[in-house]
Amino acid sequence: MSEQNKAAAKRLFDAWNTRDLDVFAEVIAPDCIDHDPQNPFTDIHGPECLQRLARMYLAAFSDQRFLVNEQIAEGDFVTTRWTGTGTNDGEMMGMPPTGKSAVVQGITINRFRDGAIVESWGCWDTLGMMQQLGVVPAAHPAAH
């Protein structure tokens with residue numbers, strides 16, 4: 001079952017890359033809960049939560065792509081380490097486009113039941129993305 005769950009988790013990233021968001025309903029359970037603190041749609045359960053998130057980011061980064069770097073599966077859980085790339089050419093959560101590109105690393109953990117994702121946790125470098133876009137100043141070493 002672990003290999004099937006890994007394939008299903010990767011299928012989400014592939015569907016995002018091809019902009020085929022209908023696939024989300026095939027992989028995500030109707031009662032799925034997303035625990036990603038960066039997702040403004042977590043009050044919505046099921047595939048619609050991730051579909052809205054994907055539409056928001058695709059509007060902000062029209063050339064956005066994901067690369068699945070590695071996956072680890074144990075029991076009902078699949079952990080996916082990924083890299084996202086894109087150019088901010090559209091509005092994002094009220095911020096105007098910057099025209100800058102960003103490369104972001106992240107990890108997503110999905111819990112499966114009967115072949116569908118029922119719970120998800122995301123952790124990704126939001127601050128690094130905002131720094132690359134020039135929205136937040138880059139960190140500097142502390143003065144001695």
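Author: Gladly; this is a predicted model, and below we take a few labels and set each value against its cut-off.

Reader: What makes K6 and E3 a salt bridge?

Author: A salt bridge needs a side-chain nitrogen of Lys or Arg within 4 Å of a carboxyl oxygen of Asp or Glu. For K6 and E3 the N to O distance is 3.4 Å, so the pair meets that rule. Both residues lie in helix α1, which covers residues 2–18, and they are three residues apart, about one turn of the helix.

Reader: What does the pair of E26 and R11 tie together?

Author: E26 lies in helix α2 (residues 24–27) and R11 in helix α1, so the pair ties together parts that are 15 residues apart in sequence. E26, at 52% relative accessibility, counts as exposed.

Reader: What about R52 and E48: how far apart are their closest N and O atoms?

Author: They are 2.7 Å apart, and R52 and E48 form a salt bridge. The two are four residues apart in helix α3 (residues 47–60), so about one helical turn separates them. R52 is partly exposed at 34%, and E48 is partly exposed at 33%. By the salt-bridge rule the count comes to seven.

Reader: How do you know that the span of α1 is close to the expected one?

Author: Helix α1 has 17 residues and reaches 24 Å from its first C-alpha to its last, and 24 Å is what is expected at 1.5 Å a residue. Just after α1, R19 takes a positive phi of about 65°.

Reader: Which residues of α1 are buried?

Author: They are N5, K6, A8, A9, L12, F13, A15, W16 and N17. Two of these, F13 and W16, also belong to an aromatic cluster with F24, F66 and W82.

Reader: How many aromatic pairs are there, and why is the one of F13 and W82 called tilted?

Author: The count comes to seven aromatic pairs. The ring centres of F13 and W82 are 6.4 Å apart and the planes meet at 45°, so the pair is tilted. F13 and W82 are both buried.

Reader: And why is the pair of W16 and F24 called tilted?

Author: Its ring centres are 6.4 Å apart and its planes lie at 45°, so this pair is tilted. W16 and F24 are both buried.

Reader: Which residues form the nonpolar patch on the surface?

Author: The patch is made of F77, I107, I109 and W121, with about 300 Å² of accessible area together. W121 lies in strand β5 (residues 116–124), and at 30% relative accessibility W121 counts as partly exposed.

How values were computed: Residues numbered from 1 in each chain as written. Predicted model: local features only at pLDDT ≥ 70, side-chain atom pairs only at ≥ 80, totals over all residues. Heavy atoms only, no water. Buried < 20%, exposed > 50% of the residue type's maximum accessible area, 1.4 Å probe, protein only. Expected span 1.5 Å × (residues − 1). Patch = residues over 30% accessible without salt bridge, like charges linked within 9 Å, V, L, I, M, F, W, Y side chains within 5 Å. Areas by Shrake-Rupley, 256 points an atom, 1.4 Å probe, with all protein chains shown as cover. Phe/Tyr/Trp six-rings, centres within 6.5 Å; stacked < 30°, edge-to-face > 60°.
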